[in-house]
Amino acid sequence: MFLSALVPSGCDTRTDRDGQTLAAIRQRGEITWGADIQGGAPYVYENPENPAEIIGFEVDIMNAIARRLGVKARMVQYTWSNLVPSLERGDFDIVLNGLEATAERRDRLLLSDPYFVYAQTLTVRRDSPYRSIFELAGKPVGTLNQTVAHDILLMIAGIDVRVYEGNEEPYLDLAQGRTEAVLLDNIIADRYGCPNPALRCIPYDVARGTYVVGMRKGDTELATAINAALAELRASGELEQILRAHGLWDDRQVISETGAGPARRARSFDGEMLVQFVEAAWVTLQISVLSFLLAVPLGLLLAIARVYGGLPARALARGYIELFRGTPVLLQLFVLYYGLADYVSLSALEAAILGLGLNYAAYEAEVYRGALLAIPRGQTEAARALGMSSWQTLRHVLLPQALRFALPPMTNDFVSLLKDSSLVGVIAVIELTKRMTIAAVDMRGWLVPGLACAALYMLLSVPLSELARRLERRLSRDSRPHAL
Amino acid sequence: MIRVRTLCKRHGERRVLDNVTADVERGETIAIVGPSGGGKSTLLRCLNYLETFDAGYVEIAGFHLRPKMASGDAETLRALRARVGMVFQQFNLFPHLTALENITLAPRVVRKIDRAAAEERARSLLARVGLGDRVGAYPHELSGGQQQRVAIARALAQDPEVLLFDEPTSALDPEMRDDVMEVIRDLSTTGMTMLVVTHEMQFAHDIASRVWVIDQGTIVEDGPPSQVVDAPRTAVAREFFARIRR
């Protein structure tokens, strides 16, 4: 669940000359540590019985370390991905929050001895024939974005990696048969995957890694003090006690030697990445166009029901519009993809198109309703007076005129949809924005992937606006702007 | 051709039409005049059921209209409206269609006449109203008078037996009115049955076989122009004509 930290290029690392940090900590009588309660149990989280209290095994370890340093510990809340840059900026003294000891981090920070050994656990369905990640070439395997597990999966050729944002979702999709396996930290697997009766955790660790305390380069005296404190905790059995209390103690904790984890070199924006970006843009375009093709007729139907329908049709259309406009599209996507998974099994792409289509239909409906209401009443009367039926009036007189009114807002909505399609990243679809965030991690910088992503979005939206402009001009021969 | 019997319509407490009874023979041209708000347009719009009425009975071009006709009568009403044309004060041309398309739309979709035949007829109708050269023009490219003439051609394209004109020249500049009135005048000589709501007394006098003066929802005078316009019997009519001539 923990992201490989992003390194802004050209960052300056403060150095602690002559143990100033440790001296300052002792002088203040307080050590500040950065962590993110969003990481949830069992790391650092709000006590469900008393939300004002922050608990977790790392809180206990931190307090034990502080006691041995003779100071108090104070937690500072930061978004996890910002912990390392904030430490470097000097916002707090140390990071103690699921920080994995990787080669890349060792280059950047001073890392303590490990206080916890975790494993990468492979989870499969109970009836699955798979025992090892090496059997999964060509198969979809879920993991969390920007984790060591993600890095491992990317190094195994042919695995179709599906990246998620939350702890629960990878296992839900595995149980649904949308993926064949999930690779994640054993802490997450033990809580979210293994207890599921439909799933089975493979008892052999795919890899092991350690959590360590992160400090600024140069804080060597502080590091020495913290390592001494950790050694005491281990020797006295207090560390074991703490881990046992949180249900985290296992055989892995007595083995101190582990690998440094996979070391991936920073990628550059090469041809291969360009292909990935273009593919992601294609996914974005597909999702946007198909969901709009769903939203337009459905929206039209809703608008017609709302303007001309009887009471039940009006109420139904109104209810639909209020429901889909009044709740976040993100929630709708979650419900569609995960909530209804037991009843309708949709692929991520189908769920994305359906979700955005149903959502945008509500907005389109209001656009068309406004357009229909903007047509003078005399138009309907003239059509009726000529003997045209309701349907003929709608089809030949009202809709063509409504389209002219609706076209500018529709163009607006489509461009907006193009960008909203980035929301479907939450249900494991890799579209343009998701591809950008992944690339940003791989490249250790946001600027180049960000610009590439922006350029591709523009490349999609600008021709579209131009097309709409021409269509608009053709349709509204009689409504050129009047001079003011 | 038209029989109206004890027609009543209310807006809340106000009687918009109060026991209107009248007959129109085939080929007659009726000019309907009277003070604003007297019920002229409402009566006209009841005749093709653009407005409903509360009591009474209308027989027009062989169709029978009763109060509160339900959606089950939609077919009857559509058939009726194809036989009874209407021309509006505001023209109500379809702005997204050319003059030709405005005229061919209803024949094609309502009466399923094929495109070529509908267009041929539309061209001859446009020529008849003096717009043979504006076939491809959109409404916004036409003057008010031209638009109203297209609207008349559009109504004629359905081959109606009765034509209803609801203040056809009121929205026009004076110099444009003559063209439109000329077209209506021509029509009155072809044997078409017409009802024209108008404020143009001279026009009414010239074209009408009979003039109705409507005030407060009733027909207060009904007779040839020489009688009604030149020598009105009721005080209401005298006062109205005096005010108009001033």
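Helices H10 and H13 of chain A sit oblique to each other, because their angle is neither under 35 degrees (roughly parallel), nor over 145 (roughly antiparallel), nor 65 to 115 (roughly perpendicular). You're looking at a predicted model, where local features need pLDDT of at least 70, side-chain atom pairs count only at pLDDT 80 or more, and totals for chains, interfaces and linings use all residues. Residues are numbered from 1 along each chain as its sequence is written, while chains are lettered from A and ligands numbered from 1 in the order in which they are written.

**The helix pair**

- H10(A) covers residues 271-308 and H13(A) covers residues 348-373; they pack at about 45°, with axes 6 Å apart.
- Helices here are DSSP runs of H or I with at least four residues, and strands are E runs of at least two, numbered from the N terminus.
- Axes are lines fitted to C-alpha atoms, for helices over the stretch in contact, and angles run from 0 to 180 degrees between N-to-C directions.

**The domains**

- Chain A splits into domain 1 (18-113 + 210-253), domain 2 (118-207) and domain 3 (271-475), with bounds from an automatic or database domain assignment.
- The C-alpha centres of domain 2 and domain 3 of chain A are 34 Å apart.
- Where these two touch, domain 2 of chain A puts in nine residues and domain 3 of chain A six; contact means C-beta atoms, placed from the backbone, within 7 Å.
- On the domain 2 side, strand E8 (160-164) and helix H6 (169-176) of chain A each give two or more residues.
- H6(A) gives the most to that side, with four residues.
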